[in-house]
Amino acid sequence: MGRLKQKGKAGAAKAYVTRTAAIKRLQCSLADFRRLCILKGIFPREPRHRKRANKGSSAPTSFYYTKDIAYLAHEPVLKKLREHKAFAKKLSRALGRGEWSSAQSLEENKPVYRLDHIIKERYPTFVDAVRDIDDALCMIFLFASLPSSAKVAPSLIENCARLAAEWQLYVIHTQALRKVFLSIKGVYYQAEVFDQTVTWLVPYQFTQSVPSDVDVRVMLTFLELYQTLLGFVFFKLYTDANLVYPPPLDDKKDETGAGVGAFVLQEAKRTTAALPSRMVKEVEVNGKRVSGKDVRQTIKNITTGAVAELDVDMPDTTEADEAPSADAADEDFVFHPSTSNPQEAASLPTFQTLSSLPQAGSSRLFSAYTFWLSRETSRPIFEFLIRSFGGRIGWPISSGSGSPFDEDDEAITHVIIDRPVVERPDESEEERERRRRRKYVQPQWVVDCVNAGKILLEEPYAQGQTLPPHLSPFEDRIDAYDPTAPIGAEDVDMDEEDEVSQPEGSDSEEAVEGEAPPEKTALKAAADAEDAAALLAAELEAEAAGVDFGSFEKEVRKARKKAKVLGDSPAALPAEEDMNKMMMSNKQKKLYERMKYGERKRNAEREKLQERKRVIDKERKKASKGKA
């Protein structure tokens, strides 16, 4: 006789556990349970059968994997949270009794937990950590712009501002910035670090306020994890770039509002004089000292056929050992031949090879230019942008200290200004000559140059000009609307045809409603023709009405284009597509309908914007003709 299955002991009822049961099993509060789940990356799960997982109950609740809760039971952070709970009780008791020495002793031995082991668990490799710092950077830059309050401590905001400046310094130093977009929410940046795309959002420099419906405690828990993560990542990035971490801070510049310029990048000093014995392994062969590097070089020469004789004399390294070089410290990478092609060595990418690759030309986009920021422009945004692409930038003292040059510098080529043109009658000849020599552009010119990867013309972005549309560089869909794309030739022909067919003061406006002329009736029949026979009949009718063949062909082409645009509508689905849908499962049908709904919605939005663009272009043409 087999084992009897007991209800609630197997299946979904055993694999899932409710939040209440999990808290009771861990013996912690709800706030501590939320903190543990955030730190360890554990989130609620949705069982396939909620009633079975809840042991027959249909009450709404959250479910977690039972294995995840068992995993949390052995977490060292949970032990520290329990110790902190006991510490809080002892401290309140000591303060209530007036035992000040005991309270001070308890405060000095306050239990503190660390998150280093959690970072190592959640991110096994460094590339995994770099791939996951998008949200961390967004949170850091957000808290760096918040005002201090009872919930957000000033030290926390200061630490977030320091981490944000360290990240910007690294991006500027490595010139890793690729895309920028000025949106309503803030400024979106995208950089490439270790061949990983990192995108983050920086809010504008306005006075921020924390809404009352936002739980700051949950955000602070995420921030606690993100600060530890970024500390590890930044240390590795700075160390690989041969920079000192953390970068030293100049307190005087920081007090005067220097921003990122208050930090100083210093190269790390590498001492190669005293090398450890394990770095270079040596043996003595026939009275000669031979290192591992010599052995590998000899094997490489034999493999490539460079050495004809098998009896190879090892080079004498006695003199080389007396003066060790930097090459001796960094051992060469051993190139093993490929199994498919033994003549070709397998070259694997390393950090040294990746850093030695030639950089894109756009990374030094502004290296030949010197910029001056007007006082109404945002200095942190454009200082970061221009310095990331190799340019020099200065600003007035009202925007902060630390400007490398003054406004009178002769090397200034561009002035970034965001105010209307004002005539200055008292302007001297020297100032007038300086104004003619420099180019005054609006801030959008810098961002559009970065996204285009080249220097754009300054005339469309000149001071007081109407700016071209600022497009998002993150839109990768093929069918996305592009306002800079020209209207198709067929659309231009149709617009011109409409203008010619409807001149001012034509007889069509004076015609009585309900009495359509025979020409229009024939053209409407041509547009409504569904097959070749109907099209031939419409052509004969148009010929009898006196319509020329060119106008008839244009009307037919126009009707076919409209039918093509509306071809994705549900009414125009072919029978074959309906047959294919009949072979799908219900899940596949729902997924397919959602996909088609999204396509129709995007097409309708794109067509709406294109139609609006046609109307605007037509009005511009009429206005230009009227001026002429």
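This is a predicted model: local features need pLDDT of at least 70, side-chain atom pairs count only at pLDDT 80 or more; totals for chains, interfaces and linings use all residues.
Just after helix 11, Gln175 adopts a positive phi of about 55°.

The nonpolar interior comes next. In soluble globular proteins, nonpolar side chains tend to be buried together. Here the largest nonpolar core comprises 88 residues, and those with the most contacts inside it are Phe33, Trp167, Tyr189 and Trp200. Helix 11 (residues 154-174) supplies the largest share of this core, 11 residues.

Two packed helices are described by the angle between their axes and the distance between the axes. Helix 2 (residues 19-26) packs against helix 3 (residues 30-40) at an angle of about 95°, with the axes 10 Å apart. Because angles of 65 to 115 degrees count as roughly perpendicular, helix 2 is roughly perpendicular to helix 3. Arg19, Ala22, Ile23 and Leu26 of helix 2 meet Leu30, Phe33 and Arg34 of helix 3. Not counting residues up to four places away in sequence, Phe33 also touches others, including Tyr64, Ile69 and Leu72.

Gln190, finally, is found in strand 4 (residues 187-193). Its relative accessibility is 14%, and since buried means under 20%, Gln190 counts as buried. The side chains of Gln190 and Thr199 are joined by a polar contact of 3.1 Å. Beyond four places in sequence, the residues that Gln190 touches include Ala176, Leu177, Trp200 and Phe474; of these, Trp200 is among the core residues with the most contacts.

Notes. Residues are numbered from 1 along each chain as its sequence is written. Side-chain values use heavy atoms; hydrogens and water are left out. A nonpolar core is a set of buried Ala, Val, Leu, Ile, Met, Phe, Trp, Tyr and Cys residues joined through side-chain atoms within 4.5 Å. Buried means under 20% relative accessible area, exposed over 50%, partly exposed in between (1.4 Å probe, protein chains only). Helices (H or I, at least four residues) and strands (E, at least two) are DSSP runs, numbered from the N terminus. Contact means heavy atoms within 4.5 Å. A polar contact is a pair of N or O atoms within 3.5 Å; within protein, one must be able to donate a hydrogen and the other to accept it, and residues adjacent in sequence count only if both atoms are side-chain atoms. Axes are lines fitted to C-alpha atoms, for helices over the stretch in contact, and angles run from 0 to 180 degrees between N-to-C directions. Angles under 35 degrees count as roughly parallel, over 145 as roughly antiparallel, 65 to 115 as roughly perpendicular and the rest as oblique.
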